[in-house]
Amino acid sequence: MRKYEIFLLEDEVAYYYFGREQVLYQFFVEAVNPVPSLRNIIERQLAYITKAIPSFVFNYELKKVDSTSKGFNLKKDEQMLIIYSDVSKAVLRKLDHQLTLISTGNFDAETLMFEHLRKVDKTFVAVDIEGNSIGWLSPVKQAHFI
């Protein structure tokens, strides 16, 4: 089982922290498991640097030929999206200012879910707390000035 906390960052925050992901990682670790005395402050900071998760994240359809040919099925409602097959499953849930993705089996369903989120917005970041890693779903492009 793999579990990811996924956050949709404000554009300015994403551009600023591109290349400084470890700072974001440390903050998100504290945000997921806050110290009780700091909970209010961390929640306000999280709300400030993240965008609200748009409801159309859950308006996903399995239209790709490769996904239907591999036997994927789809279940969805307003707060949850499940893509599954005989060998792979990914469950996406909405929690306040974040999404949680839990996947099992091979990486196919998880990959389909990440591809979908990549199309929704370019500033999603996924945090694997147990695996001590963080990554952009769609790397932020930096402006190059001459």
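User: Why does Glu 110 count as buried?

Analyst: In this predicted model, Glu 110 has a relative accessibility of 5%. Buried means under 20%, so Glu 110 counts as buried.

User: What makes the contact between Arg 2 and Glu 110 a salt bridge?

Analyst: The N to O distance between the two side chains is 2.7 Å. The cut-off is within 4 Å, for a side-chain nitrogen of Lys or Arg and a carboxyl oxygen of Asp or Glu, so the Arg 2 and Glu 110 pair is a salt bridge. The pair links distant parts of the chain: Arg 2 is in strand S1 and Glu 110 in helix H5, 108 residues apart.

User: How do you know that Asp 11 forms a salt bridge with Lys 51?

Analyst: Their closest N and O atoms are 3.0 Å apart, and the rule asks for within 4 Å. Asp 11 lies in helix H1, while Lys 51 lies in the loop between helix H3 and helix H4.

User: Why is Asp 11 called partly exposed, and why is Lys 51 called buried?

Analyst: Asp 11 has 26% relative accessibility. Lys 51 is at 19%; buried means under 20%, so Lys 51 counts as buried.

Terms used
Residues are numbered from 1 along each chain as its sequence is written. This is a predicted model: local features need pLDDT of at least 70, side-chain atom pairs count only at pLDDT 80 or more; totals for chains, interfaces and linings use all residues. Side-chain values use heavy atoms; hydrogens and water are left out. Helices (H or I, at least four residues) and strands (E, at least two) are DSSP runs, numbered from the N terminus. Buried means under 20% relative accessible area, exposed over 50%, partly exposed in between (1.4 Å probe, protein chains only).
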